[in-house]
Amino acid sequence: MQPPNGKTLVNFATNFYTESGPFTRAVTLLGQRVDLRIWPSRFGWEFGDGAALATTSPGSPYPDLDITHGYRKAGRVGPRVDTTYAARFSVNGGPWRDVAGTVTIPGNPVDLQVVTASPVLVAYR
């Protein structure tokens, strides 16, 4: 999340993203080579204040503000992202086929402190 120091401001667009990406695996199952292509197909953002958002985007770091959330009051929250993976498989170099269903991996909450800021006028000389 950004800002990265574990603090954000009330009514500030806090940026969220994950670096989950596609990957491949090859396994041997019952003596057969099975190639897997696995990719994140959905992201379930839980912002820790009761708000949630489902996207197909992993978000992105600043300056691309793809997934943002504005907290309405000060306090500690535990935002997280749950990632849902889809897959295809090929047996012994054969045609690729879709794996039925998906798997969702729950994310670990991250500690975030939402604080208020007060403007202060200072003299300029």
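In the predicted model, Val-27 has a relative accessibility of 37% and therefore counts as partly exposed, since this class lies between the limits of 20% for buried and 50% for exposed residues. Val-27 is located in strand 3, which covers residues 23-29. Together with Leu-29 and Leu-30, Val-27 makes a nonpolar surface patch with an area of about 330 Å².

A second residue examined was Pro-40, which is part of strand 4. The relative accessible area of Pro-40 is 15%, so this residue is classed as buried, the cut-off being under 20%. Between Pro-40 and Gly-50 the separation in sequence is 10 residues, and the distance between their C-alpha atoms is 24 Å.

Strand 4, which spans residues 32-46, also contributes to the lining of the largest pocket, as does strand 8 (80-91); each of the two supplies at least two lining residues. The volume of this pocket is about 200 Å³. Its lining comprises 13 residues, and those nearest the pocket centre are Tyr-17, Pro-79, Arg-80, Val-81 and Val-110. By residue class, the lining of the largest pocket consists of eight nonpolar, three polar and two charged residues.

Conventions. Residues numbered from 1 in each chain as written. Predicted model: local features only at pLDDT ≥ 70, side-chain atom pairs only at ≥ 80, totals over all residues. Heavy atoms only, no water. 1 Å grid on protein atoms, 1.4 Å probe; cavity = no way out; pocket = protein on both sides within 12 Å on 5 of 7 lines; lining within 4 Å. Points joined across faces, edges and corners; volume = space filled by probe spheres on them. Helix = DSSP H or I, 4+ residues; strand = E, 2+ residues; numbered from the N terminus. Nonpolar A, V, L, I, M, F, W, Y, C, P; charged D, E, K, R; others polar. Patch = residues over 30% accessible without salt bridge, like charges linked within 9 Å, V, L, I, M, F, W, Y side chains within 5 Å. Areas by Shrake-Rupley, 256 points an atom, 1.4 Å probe, with all protein chains shown as cover. Salt bridge = Lys/Arg side-chain N within 4 Å of Asp/Glu carboxyl O. Buried < 20%, exposed > 50% of the residue type's maximum accessible area, 1.4 Å probe, protein only.
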